[in-house]
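User: I'm new to this one. Could you walk me through it with some questions and answers?

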Amino acid sequence: MTQFAQVVISGILVGGIYALISMGLNLILGVVRIINFAHGEFLMIAMYISFLLYSTWGLDPYVSAPIVALALFVFGWLVHRVIIQPILDTSATVKIFATLGLSITLQNFALMMWNADYRTVQTAYQTTVIRMGEVAVSVPRLIAFLVAVLISLGLFLFLKYTLTGKAIRAVAMEKRAAALAGIPVKRIYLLAFGIGSGLVGLAGSLLMPIYYVFPTVGTLFVLTAFVVVVLGGMGSMFGAFLGGLLIGLVEALAGVWISPGLKEAVYFAIFILVLLFRPSGLFSLGKGSEEVGLK
Amino acid sequence: MILQIDQVVKQFGGIAAVNGVSFKVGKQEIVGIIGPNGAGKTTLFNLISGALPVTSGSIRFKGEEITNQKAHLICQKGIGRTFQVVKPFGNISVLENVKIGAFNRIQKSREATEYAEYVLEKVALIHRRDSVAKSLTIADKKRLEVAKALATQPELLLLDEVMAGLNPGEIHEIIPLIGSLAKDGLTLVIIEHIMEVIMQLSQRIVVIHHGEKIAEGSPTEVTSNPKVIEAYLGEAVSFA
Amino acid sequence: MKRAVTKSTLLWLLVLLIALLIPVVVENKFYMHTLILILFYAAVSGSWNILAGYAGQLSLGHAIFFGLGAYTSTLLFMNGGVSPWIGMCAALALCMLVGACIGYPCFRLKGPFFTLATLAFSEVIRLVASFWKELTNGAVGLNIPFQAGFSNLMFRGKEPYYYIALGVLCLVIAVTYWIDRSKMGAYLIAIRENEEAADALGIPITRYKLYAVLISSGLAGITGVFYAQYILFIEPEAMFNVNFSVQVALISIIGGMGTVAGPVLGAVLMIPLNELLRSAFSGLNGLNFFLYGIVLILVVSFIPNGILPTLRGWLSKKRANRHSQLTQAIPGTQKGGGQVDSAN
């Protein structure tokens, strides 16, 4: 029983980070209607920035998190402006392979700059745990989870109550009508891409104290994020949040009950099943699945 | 009777887009379907051509039940259709577009090419045969739409607003084409907004309003029908 | 029209002749290796092109069939002493079966979601292959014991491999060429361009997509067998690698998807570049793929149809202009006028 509680808790805590990454991906998908295959590499870049800030100036990843998020916001903005915007009206092939090309480029850029070594930061709190009865909770994981929850909450409020947030939602729902209502759709796209990338930047910072960074670290997480997005429903922020927690849980349980080597296979299998049988997402919150090709 | 539509209903959610429509089309007849915007005309075509399943009712083609059959099977049986919003195969040539239609009845590539050329001659698009389909003008795209459907060698052709978006000059060029199709022995069902055109072409007209058939008869009968006039009131359509 | 066909046939024959003679001239092992890789990648990419380029189903799970082919023949050879030539037939059959099983449910998905699903299948199979140690020896991989001989499909020199790779490529090209010229090709392209319109023209979409995946996965399986026999070492990480699928796709995209010669052109351009960069900057790991990525972005952004169709489109535009000028100049002389009436 204790072991079960332990697994559930650590699964959900990791799920918080998955949620952040997936919400970023889902925001971009919902608004710009593009699947960013390079999203994982954005995470990788964020982790390297976090790592470099630590190794050069000794900045703690939590301290540098706002800087990293801002850097990723700008990076996402630029990527959208330079690569995505010119191809928005083209075929699916172009969009898939342009972002895939970006993914390969960034991955190998990192390989050239920092080689394939695993790097991490040393912090005082790294191995600190809080004991709750017999269950041990890792402090950096708990922090990551709490921050993820707070940021998600902030994002919901932003999208729901601010004028810009409403504009973003309007564009996600119906681009043409939004344009007719005077919303600057192009700017909203840039903003959404920026915010989506900023979220992944934050996720990178939160991940740094508990994980390693290496050039292909993104692939691990982006595939998870795709799973989460499909589980939670395309374009749905809340779905992505729940989906993130769920996948964290599934991964942890599969690691214990089935085999650590197969835990990824389990959630990919879930992914395929959901995609095939429930393309609108488990929670049926997803909108816009028709737009991206699912009936 | 080549086409018999009996009490066909199509519901989207709780809303009936087509509600108990029945009519018949005889061999080599030209039947026009008119009605205000959103009356359910295109939905009706989608039901006949198998693009959408019906909620209830039956559709028979040459006496055979074709209700809810797959679109490609219905095409193979001999019903061709055009789309109101044209759907060319954009990145390939005009000839290749039509050739794809021709393969419906023809297996060999060379014969399909020859037949496609024949159809292109017929719709007066042969001079654009090597052009990429997406580069055509809207008028030519409408012609291509007709050519593709025609190349499948249908017995019954459903034409969905092939003249919408064309200028008067272009419309007057396309009317004789439709007339010549009828002369070749094709049966035609035409949806059209331009009254002048449909009155001129059709032998019989079915009027649909709010998904229901409100009138049927010769062009003159229909235009003098008070129900029809009422349905069109408020819509700025002139009866020429 | 007929002249164009014979012209391109002649060109193919000329290229084949040159390809047959190359090993007579080239002795250098590195060059031979590069040439073999060109043939191999052109063949794999050509098999992908049938499903992705013609039918428009952008799979990133092509490595599944490549890897499955390699494992099939290798396991048959190592455990049962079955000749890899027979293994090749087994690989072909198994890959077609698996291709249909994966393709059939995924064909409902469109655009990026089809791509994602194939990606996920690829990862599942990689993970299972790493996990199933009893069968595949897991992540450690399998070393194929070297026993030279024709029936073992293993040779000391490079020439035999060269000719086998050429043979496999010729098979892929022949199949693609046949598809391109037949009803099948026209139908696959129609499905790629617009499914709804294709449906309305009498095309059974799912059936034709299945044909495409059967051919595509079967041919990929054969290339996998060749790879295993050439490298003599296979491991899940290398055989079921998503990056390999991407690379295979890239070659067709650059050369021109949906054309017979596109994958060949793509391989001829990209593989030597890749090998050159790798040997010239051996200290700088990743430079070749870094450039690959940039090339991919540039190509899809600026010439999304790839090199070959872009060139061809440019030529046919010139021809169309000339044709329309001609018919305008001499009215009533449009050629091929209505002498065929197969309606009756």
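User: How many residues does the contact take from chain C and from chain B?
Analyst: This is a predicted model, where local features need pLDDT of at least 70, side-chain atom pairs count only at pLDDT 80 or more, and totals for chains, interfaces and linings use all residues. Residues are numbered from 1 along each chain as its sequence is written, chains are lettered from A and ligands numbered from 1 in the order in which they are written, and side-chain values use heavy atoms, with hydrogens and water left out. Taking contact as heavy atoms within 4.5 Å, chain B gives 30 residues and chain C gives 31 residues.

User: Which three residues supply more than any other three of the area that chain C buries against chain B?
Analyst: Buried area is the accessible area (1.4 Å probe) that two parts lose on being put together, summed over both. Chains C and B bury about 2,800 Å² between them, with 60% of it on carbon and sulfur atoms. On the chain C side, 21% comes from Lys183(C), Glu193(C) and Leu201(C).

User: Which residue forms a salt bridge with Glu196(C)?
Analyst: A salt bridge here is a side-chain nitrogen of Lys or Arg within 4 Å of a carboxyl oxygen of Asp or Glu. The count between chain C and chain B is 1. Its closest N and O atoms are 3.4 Å apart, and the partner of Glu196(C) is Lys87(B).

User: Over the face of which ring does Lys87(B) lie?
Analyst: A charge sits over a ring if NZ of Lys or CZ of Arg is within 6 Å of the ring centre and within 35 degrees of the ring normal. Lys148(B) does this with Phe89(B), 4.6 Å from the centre of the ring. For Lys87(B), at 5.0 Å from the ring centre, the ring is that of Phe83(B).

User: How many aromatic pairs are there over all chains?
Analyst: Rings of Phe, Tyr and Trp (its six-membered ring) pair if their centres lie within 6.5 Å; planes under 30 degrees apart count as stacked, over 60 as edge-to-face and the rest as tilted. Over all chains, the count is 37.

User: Why does the pair of Phe4(A) and Trp257(A) tie together parts that are apart in sequence?
Analyst: The two rings are stacked, 5.9 Å centre to centre with 15 degrees between the planes. Helices are DSSP runs (H or I, at least four residues; strands are E, at least two), numbered from the N terminus. Phe4(A) lies in α1 (residues 2–32) and Trp257(A) in α10 (residues 237–257) of chain A, so the parts tied together are 253 residues apart in sequence.
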